[in-house]
Structures are given as C-alpha cells and as structure tokens.
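The exercises below each pose a task and then work through it step by step. Try each task on the structure before reading its solution.

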Number of protein chains: 2
Amino acid sequence: MPNYIGLDLGGTNIKAGIVDDAGTILTQTSVATPSQASVDALVDALANVCQTLANAANLPIDQVAAIGIGSPGAIDFENGIIKRSPNLPNFSDTPLAKLLRQKIGRPTYLENDANAAAFGEFWAGAGRDQAIKYMVMITLGTGIGGGIITNGKLVHGHAGFAGEIGHMIVQPHGRPGAAKTLGTLESYASAPHTAKRAREALEQSPNAEASALASILANTGTLTAKDVFDTAQTGDPIAAQVAEETAMYLAIACVNFCRILDPQMIVFAGGMIAAGDYLFSRIRAEFQALTWNVVPEHVQLVPAQLGNDAGFIGAAAVAHTQANP
Amino acid sequence: MPNYIGLDLGGTNIKAGIVDDAGTILTQTSVATPSQASVDALVDALANVCQTLANAANLPIDQVAAIGIGSPGAIDFENGIIKRSPNLPNFSDTPLAKLLRQKIGRPTYLENDANAAAFGEFWAGAGRDQAIKYMVMITLGTGIGGGIITNGKLVHGHAGFAGEIGHMIVQPHGRPGAAKTLGTLESYASAPHTAKRAREALEQSPNAEASALASILANTGTLTAKDVFDTAQTGDPIAAQVAEETAMYLAIACVNFCRILDPQMIVFAGGMIAAGDYLFSRIRAEFQALTWNVVPEHVQLVPAQLGNDAGFIGAAAVAHTQANP
C-alpha cells in the first residue's frame, strides 16, 4: 500500500507523520521549527524529519510515494512556492516543494496549512466514512480560518485566498476587525473578540457586579472565551448573552455556507470547540432557528476529529491526491 | 466541429439553439411551453424543437453531439430527473433526460436553469475569453438566484441546493423573507423588495411629499425598483438612500463570495442590472468600501453578456461538458 509523508510546518513545531493510502498513521513525530534558520537549513531539517519517520516505519525513503507540506503564509500551491510567511522571515518566493524534492528525490507538494487541515478532516477525520463531496471546515482559534471542499476538491480560489471565512461580513457596519472590513465573523466570534465583547458587556451593564464574569475579571485581571462559555452555562445572564451572540454569528456563517455551497458537513475545529459542548449546542440551536424551511436541513454540524494531527495528515492527503490525480 | 443543442425550458417559453464547440450560436428558436401538457406531449414538443433547429442548421440530428436541458424546479442532475417544478405541474420525478434521449437517440443531460445560465456566461459570455476557473453569477429578478463555479465546474452541492444566494443572511434579525430566514439578501435587494422598501421609506419620512417617488406613486399607483434607481440618479434623497441600501447588501454578498471562494469574476444578470449603470456603479463603490485590505481586490464585477440566451447556451455548455468529461 503506498505511503505518504505529511509535514505540518508550524511557527513553533514541525508535526509530521507517515500516512497510508487509507489515512492511517504509521508513525509520527514533532520537532521544533528552526524558524529563524536559512532556507537551506530548514530544508535540511524537513529532510531529517522525513528520514526519521522513514527509519521509524522501517520504510526505505524511496518507497514513500509522495510528500506533502502544509505551511502558513501566502502559498502558490500550483508551483509549490511560499511567497511569504510571517513565521518564516527568511522565506520569500521560496520554491520549498522543489527544494525538498531535490533533497529527497520524492514528489513533493505544498499547501496552505488551513486548507491542509480541512483536507485532512475530509480524507481521514470527520468526513472519512461518508461519501462527502462538499464540506466546510471552520477553525476557531485566535482568528477564524477555514477550508472549503467542493466536488471532492479543495477550493483555492483565483489567487489562493478562498476559505478566509473569518473576514466574511456578518453584521453590516459592525465591529472593527483586523483588515478594514467592519462586522466580520472574526470580529464577533473569535475567542479574543468573544472575551472582548464580554468585557464591554460588563462595562455597559448596570448589573455587572452580579455577574460571575466580574469576579473572574477582578480576581485574574483578565477574561477568556472559555470563562465566558463556562459562566454562560451556569445561567449568568451577561455571559449567556455574549455566548449566544458568538453562536448566532457562527450560525449565520453556517446558513450562508449552506445557501452558497450546500455542504453535507460543516466541521468545527480549534480550541473554542474543544473547550466543551456548550458553544457547539448553541451554534446548532441558532442554526436551526435561522435556517430556511424550503427543505429540511441535511447538513451535519460536527466537531473535528483529528485535533493537532489534522495538519500533517492533511498534508499527506494532499500528496496522495496530487500524486494520483 | 461538434455541435450541441441547448434547451431552456421556461414556464412560458422554450428557448433553444444549436451551439458549436466554441460557444457560437448556429441557429436559435423559441416556442411556447405546453406547460399544462402531459409528460409525453412535452417530450414531443422538445423533440420537435430539436428537429426544427437541426433542419434550420441543415444538420442531421444524429450529428448533434449531445443535448442539454435547463429547467426550473428541483432537479436530480446526476440522473437527469425533474423531481418537481412549479411551472410543470404534471412533472413529478420525471426522468426527462432519459425520455428525450429515447425519443431522439442523442445523449441528453439535465441541469437546473439558474446553473445552466451561469455556466453559459462562464463558457460563452462574460467569462469566455479569460482563463476563469472561479466565478459567481448573481441573477437579480423577482427573486435573487445564482450559480457558482469552482475549479472550472458548477457547484451543485450535496442535494442540488448550492447557489441559492438570495437566501443568504445579510442582516441579522432583519426583514422577513420568503422562506422563514430573516434578513436575507432577497428580502433587501430583489426588485420587489427594493420597491417595497421605497414605499416604506415614504411612509416613514416626514419629507415624503418632496420626493419624486411620492409623485410617481400618486400618479401610477405603484412603485418599481426601476423608479427607485431612476429617481436616485436625480439626487432624490429618499430614493438614493433606498438604492444605496440595495447596493450595500449586494456588495456584502460579493465580499462574502470573495472571502469564501476568491472568484476572478462576479457576473450580474437580470432585469435590475440591464436597467442601467447606476445600480452597478453603486455596487462597485460599496464593494470597494466594504472589502478587506489584505491584498488589492482582483475580482471583476461585470454585467452578464448573453441576456435571455444564457439559458440555452448554458444548457448546450452543460451538454458539451458532460459529453466530454
């Protein structure tokens, strides 16, 4: 059975593994990213990771069918080039796929990290056992990212900017966000903006001192999104209101994905979902309240299954797909 | 050069033509749709249209490479079945593609009419001379419909409901619409809803009698979207405000298409755009005001080029694509 190496090139760590044709992990590893190193040194580090994996799997490197790399930053996936990446300051229009291919002698493909993670969930995670052809992944982290699959393929868009779903507008003339656009999904529903809205709600509420959020803020000097959701579950009205708004804006995004793309599955990844069922149950309830009544909704709103392994599994899946077009 | 017949099966007329491999129309015709007829009678009518076209082009019917049909209603495009169609009451799970193929002996494919029109613009209209792989079409009629193309292919979605962009949410808890969801694009920006918002604005404005819209309403007993846009151009403040809101909500939809799909081109079709440049220029201005600043926008917002021929040309394009996978 052909095997693929997936490399998830993060700012802190390179997570990597060998994955077979069926999406099963044979072996995996993680090493620190030499992010300040030269291009050559980073290519060497990636090659070493590949050799370490091959040794661990007792697999000659020339029997690895292909290698996939998931990387943050602006990627030219067709040509395997990292145009620029905030985490890799020495990289600028760097043909990383070609450089690693020259080093190792195996076909090598490059993909955006968010797309790779989405494709990992599609191939080997939440979408694995189902004949899914249309899927959206929403990653709720510091920002909100995404990946889109239509007709069984990743949607890159014309210039590689598809799936930037945190920058969708969900509230006309709404809150300021990171990139000029007002009222974006991220400016309401990311973890930092959920926490920020909670602080604002406390400031504006005449009953703020009755909220457990006020005590947390007083005791710890800060508020997190997890504080908001944990407190909302106890029935605290300010926390519940803020959490409900986060759920509502995420549900609006889901309704719009359904109207535009009609996916079978919307997969939620990232720390905010991993924190517990509460937010997820509220997103599902808001979605049912907001969606249309033309036909019953068939979309599944589900949590991601691969956790931090989605990136390298997805990079391997990209290699698998590119090598078997 | 292979030729294809495209049939646009509307509620009132069947528009049809023979189109060659390059998207050029060889001949075209239009006949009344026998919408109340039996399935057999309608298949006969479609077969007659095909024969009429073949005769006009001096082309033996067995030299037609394939036939495409665009139809309103719920379509199972993979199996060529009209599940139901409001305009064709005698059709229910009717395998129209198979029935026409049996009648004529040529490969026959069925597509949703909105998708067919979008694919027509993609193949032979606004997208024709460019290496477009990602396109969105917005049709502004009584309702708002659409068609989505990613990776060069129509996006149908899991159950054929992709592209229902009039039902996207653009205003949380906004105006009531046709299908339960509040604040949909259609409930703000369709022609009837634009006219309705103008009537509401007159009712609510203390200066209504100063608006030319009030005179039109008094003189004709009604207001149309065209009245609103024509009056807005003269600087009438109530009309301009209503028109600007229509443009803004359409621009929000465009921003969201760009963030989700990163298309090269968004094509506007339908009567509201054909009515003149004013609305279009306002949509473009609102889009530039609302979109992000991460990279300069490369998307083109353009009018459709094929008018009422888009449907049959697109049906022929579907036949071309299905017959040459």
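**Exercise 1.** Does A:E245 count as buried, partly exposed or exposed, and at what relative accessibility?

Solution. The model is a predicted one. Step one is the value: A:E245 has a relative accessibility of 25%. Step two is the cut-off: buried means under 20% and exposed over 50%, with partly exposed in between. A:E245 therefore counts as partly exposed.

Step three looks at the partner. The side chain of A:E245 meets that of A:R197 in a salt bridge, at 3.0 Å from N to O. A:R197 lies in helix α5 of chain A and A:E245 in helix α8 (residues 237-261) of chain A, so this pair ties together parts that are 48 residues apart in sequence. A:R197 itself is buried, with a relative accessible area of 6%.

**Exercise 2.** Which residue does the side chain of A:E200 meet in a salt bridge, and which parts of chain A does the pair tie together?

Solution. The partner is A:R175, with 2.7 Å from N to O. A:E200 is in helix α5 (residues 191-204) of chain A, while A:R175 is in the loop between β11 (153-154) and α4 (185-189), so the pair ties together parts 25 residues apart in sequence. A:E200 is partly exposed at 24%, and A:R175 counts as buried at 15%.

Now turn to chain B. There, the side chains of B:E200 and B:R175 meet in a salt bridge of 2.7 Å, N to O. B:E200 sits in helix α5 (residues 191-204) of chain B and B:R175 in the loop between β11 and α4 (185-189), 25 residues apart. Over all chains, the search finds 12 salt bridges.

**Exercise 3.** Describe the interface of chain B and chain A.

Solution. Begin with the contacts: 52 residues of chain B are in contact with 52 residues of chain A. The area buried between the chains is about 4,100 Å², and carbon and sulfur atoms give 63% of it. Next come the pairings.

Then ask which elements of chain B take part. α8(B) gives the most, with 10 residues. By type, the residues on this side of chain B divide into 27 nonpolar, 17 polar and 8 charged.

**Exercise 4.** Is B:V267 buried or exposed, and what is it in contact with?

Solution. B:V267 is in strand β12 (residues 265-269) of chain B. Its relative accessibility is 0%, so B:V267 counts as buried. Leaving aside neighbours within four places in sequence, its contacts include B:E121, B:M135, B:I138 and B:P303. B:P303 is 36 residues away from B:V267 in sequence, yet their C-alpha atoms are 5.4 Å apart.

**Exercise 5.** How far does helix α1 (residues 39-56) of chain B reach, and what do its buried residues pack against?

Solution. The helix has 18 residues and reaches 26 Å from its first C-alpha to its last, close to the 26 Å expected. Among its buried residues are B:V39, B:L42, B:L46, B:V49 and B:L53. The buried residues of α1(B) pack against several elements of chain B, including β1 (3-9), β4 (64-71) and α2 (96-104). After the helix comes B:N58, with a positive phi near 60 degrees.

Terms used
Residues numbered from 1 in each chain as written. Chains lettered and ligands numbered in written order. Predicted model: local features only at pLDDT ≥ 70, side-chain atom pairs only at ≥ 80, totals over all residues. Heavy atoms only, no water. Helix = DSSP H or I, 4+ residues; strand = E, 2+ residues; numbered from the N terminus. Expected span 1.5 Å × (residues − 1). Buried < 20%, exposed > 50% of the residue type's maximum accessible area, 1.4 Å probe, protein only. Contact = heavy atoms within 4.5 Å. Buried area = accessible area lost by both parts, 1.4 Å probe. Nonpolar A, V, L, I, M, F, W, Y, C, P; charged D, E, K, R; others polar. Salt bridge = Lys/Arg side-chain N within 4 Å of Asp/Glu carboxyl O.
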